[in-house]
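Work through the exercises below with the sequence and the model open side by side.

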Amino acid sequence: MGTEGVLGLNKSIISIGTVTHATKAKKILAEIGITTKLIKNNSEIGGGCVYGIEFDYRERFRILKILKDNNIPTV
């Protein structure tokens, strides 16, 4: 479904791809009270950048559903 990485006990990242989609995801999630942080990762495969959101790990399933429902692709 997408790349999800665990940063620590309560933080996780979902890679989204473009800055446009990552910004849209952050805005939609903020509107329903989910705090996220926009992040930029350098892509090791093919060059370029991959954007994503950092969030509370306990919200991961809810966030993945919201992204899917809003047609925001994950990488």
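**Exercise 1.** Locate asparagine 71 relative to α2, describe its phi angle, and decide whether it is buried or exposed.

*Solution.* Asparagine 71 lies in the segment that follows α2, where helices (H or I, at least four residues) and strands (E, at least two) are DSSP runs numbered from the N terminus. Its phi is positive, about 55 degrees, although the residue is not a glycine. With a relative accessibility of 65%, asparagine 71 counts as exposed, given that buried means under 20% relative accessible area, exposed over 50%, and partly exposed in between (1.4 Å probe, protein chains only).

This is a predicted model, in which local features need pLDDT of at least 70 and side-chain atom pairs count only at pLDDT 80 or more, while totals for chains, interfaces and linings use all residues. Residues are numbered from 1 along each chain as its sequence is written, and side-chain values use heavy atoms, with hydrogens and water left out.

**Exercise 2.** Determine which residues of α1 are buried, how they are arranged about the axis, and what covers them.

*Solution.* Begin with the length: α1 has 13 residues and spans 18 Å from its first C-alpha to its last, close to the expected 18 Å, where the expectation is 1.5 Å times one less than the number of residues. The buried residues in α1 are Ala22, Ala25, Ile28 and Leu29. Viewed down the axis of α1, the buried residues fall within an arc of 130 degrees, so they line one face of the helix; the arc is that of the directions from the helix axis to the C-beta atoms. Thr20, Lys27, Ala30 and Glu31, on the other side of α1, are exposed. The cover over the buried residues includes β2, β3 (36-42), β4 and α2. Just after α1, glycine 33 adopts a positive phi of about 90 degrees.

**Exercise 3.** Describe the largest nonpolar core and identify the elements that supply at least two residues each.

*Solution.* A nonpolar core is a set of buried Ala, Val, Leu, Ile, Met, Phe, Trp, Tyr and Cys residues joined through side-chain atoms within 4.5 Å. The largest one has 15 residues, and those with the most contacts inside it are Ile14, Ile16, Leu29, Ile53, Ile63, Leu67 and Ile72. At least two residues of this core come from each of β2 (11-17), α1 (19-31), β4 (49-56) and α2 (60-69).

**Exercise 4.** How many salt bridges does the structure hold, and how are lysine 65 and aspartate 69 placed in helix α2?

*Solution.* There are three salt bridges, each defined by a side-chain nitrogen of Lys or Arg within 4 Å of a carboxyl oxygen of Asp or Glu. Aspartate 56 pairs with arginine 58, their closest N and O atoms being 2.5 Å apart; aspartate 56 is partly exposed at 23%, whereas arginine 58 is exposed at 59%. Glutamate 59 and arginine 62 meet at 3.4 Å, N to O. Lysine 65 and aspartate 69 meet at 2.7 Å, N to O, and, being four residues apart in helix α2, they are separated by about one helical turn. Both lysine 65 and aspartate 69 are exposed.

Methods:
Contact = heavy atoms within 4.5 Å.
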